[in-house]
Structures are given as C-alpha cells and as structure tokens.
Amino acid sequence: MAEVGWEHCIKDLKGVVLDMCGVLYDSGEGGGVPIPGSIEAVKRIKASDLKLRFCTNETQATRGRFVAKLQKLGFDISVSEVFSPAPAALSILVQRGLRPHLLVHDDVLPEFDEVDKSNPNCVVIGDAADNFSYQNLNDAFRVLIGLEKPILFSLGRGRYYKETDGLKLDVGVFMKALEYACDIEAEVVGKPAKMFFLSALADMGVEPHEALMIGDDLVNDVGGAQDCGMKALQVRTGKYSEASLDREAARRLSNGHLKSKSPVWQEPDLCHPPGVCCILTPALPLWAALCEAQ
C-alpha cells in the first residue's frame, strides 16, 4: 500500500478545528494536565495565517468555567473561540419553545437558567458523571415515555473519554439506554453532528474543504468532520488506542468504506468520504510542521 504523507491534508488549508480533551489536555483532579507540547502548538497555530476554533463535547462545566480552566493550565484561548454543546442546545430549546428535563452535570446547569423547565416536554442528557444514577435515568425515562412525541437531546454521543485516572463512560452509553427504552432516536447536539462542525466553520468564514479537524476520537472527531467534507487527523493522545483503530477499520471495511483492513490507513481513496485523509501521528510534530508550512 503506497502511503500518502500528511502534507496532503494541509494543501490549501485556511482553518483548523481542534478537539480539546485528549488533544490539548487530559481531564481529572485539579482541572487536569496539559498534554506535552499542546500549549506551544496552540500558540504556533495562532501565530500562523490559519484561523482556529475549538470544538468540544465537554458538558461538565459552563463554557466560561471550562475556558477559565484551560487558561489556568496555560492555553491561549477565549470563550468566543470555543464551540460546546450546551449553548447550542439552549439555542435549539428557545427556538422550538421546548421545556427540558435536564439530566446533566450540576456544573453545567447555569447554561440553562434562561429556559422554562416546568412541565417538561423533552429531555436533555449530557455527561452527568455521578448524576447518572438509576433514579435519575429512570426519571428521564418516565418523562420521555409519557410524551406523545418524545424528544431526546444528547450533548454528544461519545462512548468513553480519558481522565488522568483512566477511561470513563461518556454520555452516548446512557443516550443509547434511553433510546432503546423509549424506541426513539436522540437528536445529537455536538460532535459528530454535521451542524456543530458547520457552525464553527461559518464562524471562521472557511469552507469545509479548506478546514482540518484534529482529534483523538476516530468516530466523533475524525468521522464527524469527514462526513461534512472536512479533512481530519487523529492524534495518538487521549483515548487513542490501536485496538479502537482496528475496530473502526473493521467496521468501515464491513460497511464498504475501506478496501482493505490496515491499522494505519493513509490513502485518501480508502477513507470516507473519498478525497479526505485520516492519518495518525504524534501531536506536536504535526502541529508545528503544519504551522511552518503556511
């Protein structure tokens, strides 16, 4: 198999979208720890001619508190540069006149202060962490099952993520439980939803083919970006593992999106959709070279 260098992915590039947890830092006690080289990498991208935005499915804090945590860790980042699911979900709720039952982390509740939550006619589920008790899940189920047309919003659909003390179940696991119990399909707000990526691109004034997504999640970061026409790269940090890559390659092979199974696939014609790249590479050397290439 002839390999295509990662430089293929930065041709005519105008904007970069970065995942955060697992790419910039690993979350955990005390706010987490930066991934080595990531602070400098963000500085170098910002010093280049590239436009930069951050897309995260973080729902354990308000966007303001989350950005403040990243700033404390040393990152050059502002609230206006960060796209997260809770503010996007709030906008949808207001536009559609919906009253949510919230199953979310306590620290993200202030994002929903302005919306009416009495007599709920939908459910919003996020990464609730310890709030994912049987009682709380059953309460959400009862709201949904009691509605003539149940509506479930999920703030992302990740399977798991990495903290400093190991892997943790993400919101997608609990979303699937409610979908199964109520025989419904959730509306995903956040990655990998197409509109979530497109909103970040619109804010930069960049077309999908001119943008590159960098993340540690092959499905929600790389796959979601590719599905809306962006180029995408996966880094070997965060929750990356060879086993997860093999599983996704096998899935794509069975769906006809790959011609052959390989632990690292670097030919654009093997990726979905055609013409975009998925390449695995250490984070800092890629980002530093990416900036130098501009």
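**Salt bridges and one hairpin in a predicted model**

Let me start with helix H5 (residues 171-182), where Lys 176 and Glu 179 both sit, three residues apart, about one turn of the helix. Helices here are DSSP runs of type H or I with at least four residues, strands are E runs of at least two, and both are numbered from the N terminus. The side chains of Lys 176 and Glu 179 form a salt bridge, 3.5 Å from N to O. By salt bridge I mean a side-chain nitrogen of Lys or Arg within 4 Å of a carboxyl oxygen of Asp or Glu. Glu 179 counts as buried because its relative accessibility is 10%. The cut-offs are under 20% relative accessible area for buried, over 50% for exposed, and partly exposed in between, with a 1.4 Å probe and protein chains only.

A word on the source. This is a predicted model, in which local features need pLDDT of at least 70 and side-chain atom pairs count only at pLDDT 80 or more, while totals for chains, interfaces and linings use all residues. Residues are numbered from 1 along each chain as its sequence is written, and side-chain values use heavy atoms, with hydrogens and water left out.

How many salt bridges does a search of the whole structure find? The search gives eleven. One of them joins Asp 19 to Lys 191, at 2.6 Å from N to O. Asp 19 is in the loop between strands E1 (15-18) and E2 (25-26), and Lys 191 is in the loop between strand E11 (187-188) and helix H6 (194-204), so this pair ties together parts 172 residues apart in sequence. Asp 19 and Lys 191 are both buried.

Next, Arg 65 and Asp 107 form a salt bridge whose closest N and O atoms are 3.9 Å apart. Arg 65 belongs to helix H2 (residues 63-73) and Asp 107 to the loop between strands E6 (100-103) and E7 (122-125), so the pair ties together parts 42 residues apart in sequence. Arg 65 counts as exposed because its relative accessibility is 52%. Asp 107, at 29%, counts as partly exposed.

Now the hairpin. Strands E9 and E10 form it, with two residues between them. E9 and E10 (residues 166-169) run antiparallel and are joined by four bridges; two strands pair if DSSP finds at least two bridges between them. Lys 162 has Leu 167 as its bridge partner in E10. Which residues are on the covered face of E9 (residues 160-163)? Tyr 161 and Glu 163 are, whereas Tyr 160 and Lys 162 make up the uncovered face. In a regular strand, side chains alternate between the two faces of the sheet.
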